[in-house]
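Please look over the sequence and the structure below before reading on. The notes concern the packing of some helices.

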Amino acid sequence: MGKRKALMAGNWKMHTTVVDGCQLAVDVSRACTDFPDREVLLAPPYTILSEVSHILKDSPIIVGSQNVCWEEKGAFTGEISPVMLKDAGGSAAIVGHSERRQIFGETDELVNRRLKGGLSFGLMMILCIGETLEEREAGRAFAVLYEQIKKGLADVAAVDMAKVVIAYEPVWAIGTGKTASNEQAQETHAFIRGVLEQIYEKNIAEQTRILYGGSVKPTNVDELMAQSDIDGALVGGAALDAKSFGRIINFQ
Ligand code: PEP
């Protein structure tokens, strides 16, 4: 792990009822001691954001949403605004998840709008990027990531980068049980940091946290977190089990 404070984030996706989600939040908070060197974030579905925030109000765990709109309010059926998220107790949002891009057709331009909107309301924003298997096999992974970073961060001021976290999630590793090798992940994270340096400056590239996502589990978290440019994890499946996520949070 590098010199940045680790961020271990759980994305619950479209899982958990009110009862399940509240129980999971309680169980995760029990598994989570207040480490000085790491932060923990949970992104439950919108329907239980408020309950989960309430349960975690005295805990250091950050609550975030799985997406967010850029407007404060208005005719945006199906969306939630940064103000609504904050009102429900959230302080962070994920944008650009590959499921949003692939299933719901979200473009880099839309993701950028969401990102800037969230930043303008003071949210911590997790920008997800990642290549497909086809793109990796065609030797285009870095070109795809470069484009996603450039477009995703378009018009984001250097000063706002303190609130931005990048999550590198190779699409072929999400929910598939396949993980990028430690070397592949480290190489890609170093590339992403290089792009940040090119867009901004060395200091900002050094300070920005870059999370790895894609079948992170108790059995592979330690070695992934040992890579110098991996600053945390965005976890899907394993975040739905408090014991597994607890072990991930407690990486060695
Ligand atoms: C994710 O949803 O961001 C993710 C990485 O999922 P999983 O851990 O299940 O691969």
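The model is predicted: local features need pLDDT of at least 70, side-chain atom pairs count only at pLDDT 80 or more, and totals for chains, interfaces and linings use all residues. Residues are numbered from 1 along each chain as its sequence is written, and side-chain values use heavy atoms, with hydrogens and water left out.

**Helices α5 and α7**
- Helix α5 (residues 108-120) packs against helix α7 (residues 141-152) at about 45 degrees, and their axes are 8 Å apart.
- That angle makes α5 oblique to α7 (under 35 degrees is roughly parallel, over 145 roughly antiparallel, 65 to 115 roughly perpendicular, and the rest oblique).
- The contact (heavy atoms within 4.5 Å) involves Asp108, Glu109, Asn112 and Leu115 of α5, with Glu147, Gln148, Lys151 and Gly152 on the α7 side.
- By class, this α5 and α7 contact has four charged, three polar and one nonpolar residues (Ala, Val, Leu, Ile, Met, Phe, Trp, Tyr, Cys and Pro count as nonpolar, Asp, Glu, Lys and Arg as charged, and the others, Gly among them, as polar).

**Helices α1 and α11**
- Helix α1 (residues 18-31) and helix α11 (residues 242-249) pack at about 35 degrees, with axes 9 Å apart.
- Leu24, Asp27, Val28 and Ala31 of α1 meet Ala242, Phe245, Gly246 and Ile249 of α11.
- The contact of α1 with α11 has six nonpolar, one polar and one charged residues.

**Helix α8**
- Buried residues (under 20% relative accessible area, 1.4 Å probe, protein chains only) in α8 include Ala185, His189, Ile192 and Leu196.

How values were computed:
Axes fitted to C-alpha atoms, helices over the stretch in contact; angles between N-to-C directions. Helix = DSSP H or I, 4+ residues; strand = E, 2+ residues; numbered from the N terminus. Buried < 20%, exposed > 50% of the residue type's maximum accessible area, 1.4 Å probe, protein only.
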